Amino acid sequence: MSRKNTLVWVAVATSCMFLWCWAAPGTLQAAEADANARQVIQNLGINRGICVLLDQDPAKLAVALARQSELTVYVQLPTSEATAAVQSQVDAAGLLGTRVYVETGPWSHIHLADNLADAVVVMPEAAPAAGSNRDELLRVVNPLGKVLLADQQITKPFPAGTDDWSHPFHGPDNNPQSTDRLARGAYITQFMTEPWYVPMPEVSVASAGRMFTAFGHIGFNKRVFPWLNMLVAQNGYNGTVLWKRPLEPGFMIHRNTMIATPEVLYLADNTSCKLIDTATGKVKGQIFAPQDASGPSWKWMAMEDGVLYAMVGRKEAEDPTVRWDRNKGGWPWRPMSKGYDAKEYPWGFGHTFFAIDLKTKQVLWTHKEQEPVDTRAVCMKNGRIYCYSHPKFLVCLDAKEGKPVWRTTDSKLLEAIGPHFKAQTWQYGFSSTSYIKCSDKVIYFAGPQRHKLVAVSTEDGSLLWQYEEGNFQLVLHKGELYAMGSRQHPSKKFNPLTGEILTTFKCRRAACTRATGTADSILCRAGRTEPSFHGGTLRLITADDHGTRIAPMRPPCQNGVIISNGLLHWGPWMCDCHLSLVGYLCLGPAGKFDFTARATESERLESADDGQTVAPFAVAPGDWPTYRADNRRNAASPTQIPAEVRLAWQYQPSQTTFAAAPVTAGGLTFLTGSDGVVRAMDAGGGQCRWKGYTGGRIYYPPAISQGRLVVASGDGRIYAFEAATGRPLWRFRAAPAERKISLYGRLSSTWPVASGVIVENGVVYAAAGIGSWDGTHVYALDAKTGKIRWQNNTSGYLAGGDSVSGVSVQGHLLLHQDRLYLAGGNVVSPAVYDINDGKCLNTLPDEFVRAPRGRELVLVNGQVGVFGRLLYTPQDYWLGPFRLPDLFQADSGKALIRSTGPGVVRVDPATAAAKKPKAIWTSNHFGQVVAVALGNNAVIAAGQLPMADKKSAEQVCAVAALDLDDGHTLWSHTLPAMPATCGLALDSAGRVTVALRNGQALCLAAVD
C-alpha cells in the first residue's frame, strides 16, 4: 500500500539563504554538541570508520562527530519528517552525503550490511526504543567495533567458524586453502574501496578482522606512485584504511616474510623482523637474527604454537624502485626491474634456520646448511620444515630441535624436480612465486618455474609420482589436489597420493594468477575457452566440480582471492586487464537472499497522493531536460548560441562533491551530484529556488517531463518531484533490500540506481545494481504514479542456474528504436531490453568477446556503442587497450560533431560510417575535451586547453564556442576547474551551463 502524506523527504521550497542561517547555532548548543562528540570519540577509541548514530535530534552531534574525526556518520530516523529536518541541517553544514548520511527507517532494522559499522552510538533519548533490539545493533557493528548504548558499552565477539589468513599463502604449509566455514556461496557485496591501482608485487595477510597488504617497488604509471613501498592496514569488514607505513625500499616482498596475528604483525626485511601493533601501525620491537647466523637478511618466516621460525642469509642488493610514466594498459612484463629480469633469480636464498620462543624471545635452536636454500621452496606443517636446495638436496627439519629428520639427494627425485624455468610472462606467471607446499603425507613441487608437477613423501623424501606439466596453481582441498592450469594445460584434479587424474576441467585460466580455496569452492582467474567463464573470476564449486563465474573483476595476480573473517577479498590490481570493477573489493556470504526477487508496489512505492495537480512546467524547444539533451543522448539543441557571453552566475558548493551533468528547462537549472541533493537554480540569476533530498549519490542528472522531475539515487531509489516547486510526488525503491555498503568512500545501497533515468511517453526507465552477482534490476514505472509497468530482475544471471554472468549496471541508459540500452560491463555491453515488456535481448556469446567496459552510450552510425572511462574509477582514469577511447558526440540530424580527445571535428554525415569519415573542419582549441553540446549556429566544447610547456605550465580549463560553419573560435571562457564528463547544458534562451567536477557550476549568457 502507498504511504500517503509521508513524503517529507523533502524539497525546501523557500530560499537556500534561509537554510544557511542554521549554520550558526547558539553557542551553548554548539559547545554541548562538541563536548558530547569528544566524549563519544574517546569512548569508542577510534577516529575513522563508519559510526551509526541513533538519536531523537541527531543533527548537531552528527556534524560535531564528523568535524572532530574522520568518521563517516550514518543517521537513521523513524519518520520522514524528522529525516527531512536533519538532512536540511546537515546540508547547511556542508556535510550531507559525504561525511554524514541521513535516511528514514525504523530502528528495529538498521539499513547497513552485516558487520559494516565500526561503532553504534545510541544516545539516552533513543535508548528506550533503539536499545530494545540489541541483536540488530550487534548485527551491523563489526567485531572490531563497539556499541555505546546509553551508559553501556558492548563489544561484539568474533563469530565462530572464521579463519585468519595469517601467512602469505594462508599458513606455513603454503596451501592457499582457507578453513573459514562462513565464507560460502552465494555471495553479496560487503564493500568496495580504494586503492584503485597499486604497484607490484603485492602480498596480503589477515587476522582478527584486519587486512595487511604490502605493495612493492615497481610502478609503471603515476596512478600507483603513492603506494610504492608501502604497508597498508585496512578494516577487513568495510575497507577503512587504519594506517600505513613505508617499507624498506627495494626489498623483495613477494615471499613469506609477513605474518599476521590479532595484536602483532610480524614484518621482516633486510635487517630485522619488526613487531608492528596491528591497531596503530607503530613498531613495538624488533627481532634480529642470531649473531652466528649467515647474514642479517630475513628470507622466510613461519609461526606455529607461539614459536617463530625463520631462515636468514646475506643481505640482498636493493632492486631500484621503478617509476615509469606509461599511459597504456597492462604492464610490460619485460623489462620490469633488474631483479625480475635477471637470468638467475636473485632473491631469497639463505643458509641459517632458527626458532624463537615469542614469549621469552629466546632462540630455541639454530641450524645451518652449507648449500643455499631457496626461500620459494620452504614450507612447514605438523612440526616439520621442508626445504629444497636446487639442485642439491631436499631436507626435512624437526621444528622442535632443528635437526634433520631425513635428507635426500636421490638423483631420480632431483631429476624429476628438474631445472628452473624463468617464467615471468603472463602466460606462465611470476618467477618469485613459491613452488612448494605440503600436506600431512605429501610435498608438492609446482609453479611457474617448474617443468613438472612432482609429489614427494613427507615420511622419507622418496618420489611418489610426477606429472609431465608443472605450471599449476595447487590447492589441497578436502583430501583432493586441485591443479589449476593455463590455456596450454587444462586444469585437473588429482588423487594426491597416487597422481591419478580424477577430473580434467574445461574451464581454464591465465597462469599468472594464484588460485585459492574456500570451504566449498576453488577461486581463480577465469579463462577464455568456455562461454560461461571467459574473463573475471572462476568459482569452481567442489561439491560437483562445476564452474560458475563472477564476471566484473579478476583476482590480483600474486594474492588471488584472500579468504578471512567470513569474507572474500579481491585486492587492488596493477593493470586494468578486462575489468569492470577495480580497487579493493570484498564479498560476503549471502545466505538465502533472493537476488532475482520481484518488486511489489506495496513494499517499494511511497506516494504523496495528496490530490493536488502538478503545477505546469514548460519545456521549450532548445531546453536541455535530460542527460545530453534527449533520450537518444544526441547532445544537440536548436537554440542560438550568443556571439559574446558574460558570466551570469556561479554556484559554489559548501563542500567538494562529484558533480553530475546539469539539465535545464522552464527557466530553472538543476544541479545534482554525490551529495544526493537536487538544487533548482534560477537559470537567469542563479538563486536557489528549491532543494530536494535523496539518500545517496546522484550519478546522472534528472529527467524532466510533464511537470515532473525524476531522479535516480545511490540509495537505491527513484524520486519524483514537482519540477516547479520541488514538492515530493512519489519515490520507488528499486533495490531489493534496504542494505547499505561502503562504496569507494561513500555509503551506498548495494543496488544504487546508477543508470540515471529516462522518461519517455509517460514511462520512467531505470536500472539498479553494481555487479551482476548481486542481481541487476531494471524497471519501467508510470511517471505519474510510480507504479510498476514492468520489471526485469534476471538479466544479471543470463547464464542461468547459479552462474552470475550477465549484465552489470556500469553506466547510463539510452533509448533507440523501441529498445532500452544500458552500459552493462565486461560481459555484454550495451545490454538491450524490449521497452514493451523488459525482456533482455542479450545472450552470452558463444566465443570470447571482450565487451566494451565504458560508462557512456553513444549512437554512432545507427548503432549504440560504449565509450569513456569506467563508472567506478578515479576521475583521471587513463585509456587502456581493453576498452574504446572517449567519444563525445553531438548530432542534430543536420550537423554531426565528434571528439575523441584533443580535437573537435565536424564530420560529413554522408561519410560518418566510413572507417575514416570526412572532416568538414577540425578545431584544435583544446588539449582534452570532456563535453560537447551542439546549438543551432555553434558547437560548445569544454575541457583542458593545450599546455604550452608540459613540464611547467599549469593546466587551464575552459569552455568555448566554435562556429558551426568553419570551426573558428567565437569565444572562450576560462573555468576554475575541470568540467564534469558531458557536463554541459544549453537552454532556449541561449544560456550555457557548465558543471565542474568539484561540484561548482557556472552559467554564461549573452552580453546585454
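Analyst: The following conversation covers some helices, some strands and a few single residues. This is a predicted model, in which local features need pLDDT of at least 70 and side-chain atom pairs count only at pLDDT 80 or more, while totals for chains, interfaces and linings use all residues. Residues are numbered from 1 along each chain as its sequence is written, and side-chain values use heavy atoms, with hydrogens and water left out.

User: How many residues of helix H4 are buried?

Analyst: In H4, 10 of the 13 residues are buried, so the helix is largely enclosed by the rest of the structure. Buried means under 20% relative accessible area, exposed means over 50%, and partly exposed lies in between (1.4 Å probe, protein chains only). Helices (H or I, at least four residues) and strands (E, at least two) are DSSP runs, numbered from the N terminus. Among the buried residues of H4 are Ser80, Val86 and Ala92.

User: What span does H4 reach?

Analyst: Helix H4 covers residues 80-92 and reaches 18 Å from its first C-alpha to its last, close to the 18 Å expected at 1.5 Å a residue. The expected span is 1.5 Å times one less than the number of residues. Just after H4, Gly94 takes a positive phi of about 80°.

User: And which residues of H3 are buried?

Analyst: They are Ala59, Leu61, Ala62, Val63, Ala64, Leu65 and Ala66. Helix H3 spans residues 59-68 and is mostly covered, with 7 of its 10 residues buried.

User: Let us turn to strands. In what order do S34, S35, S36 and S37 lie?

Analyst: These 4 strands form an open sheet in the order S34-S35-S36-S37, with antiparallel pairing. The edge strands, S34 (516-517) and S37 (546-550), each pair on one side only. Two strands pair if DSSP finds at least two bridges between them. Strand S36 (residues 537-541) pairs with S37 over 5 bridges, and Thr537 stands opposite Ile550 in S37.

User: What do S24 and S25 form?

Analyst: They form a hairpin with 5 residues between the two strands, and Gly402 in the turn has a positive phi of about 80°. Strand S24 (residues 393-398) and strand S25 (residues 404-408) run antiparallel and are joined by 4 bridges. Leu394 stands opposite Thr408 in S25.

User: How many residues apart in sequence are Lys740 and Leu116?

Analyst: They are 624 residues apart in sequence and 8.8 Å apart in space, C-alpha to C-alpha.

User: What does Val121 contact?

Analyst: Leaving aside neighbours within four places in sequence, Val121 is in contact with Val40, Leu44, Cys51, Val52, Leu53, Leu54 and Leu148. Val121 lies in strand S5 (residues 117-122) and is buried, with a relative accessible area of 2%.

User: Finally, where is Asp987 found?

Analyst: Asp987 is in the loop between strand S70 (979-986) and strand S71 (992-996). Asp987 is buried, with a relative accessible area of 4%. The side chain of Asp987 makes a polar contact with the side chain of Arg991 (2.8 Å). A polar contact is a pair of N or O atoms within 3.5 Å; within protein, one must be able to donate a hydrogen and the other to accept it, and residues adjacent in sequence count only if both atoms are side-chain atoms.

Conventions:
Contact means heavy atoms within 4.5 Å.
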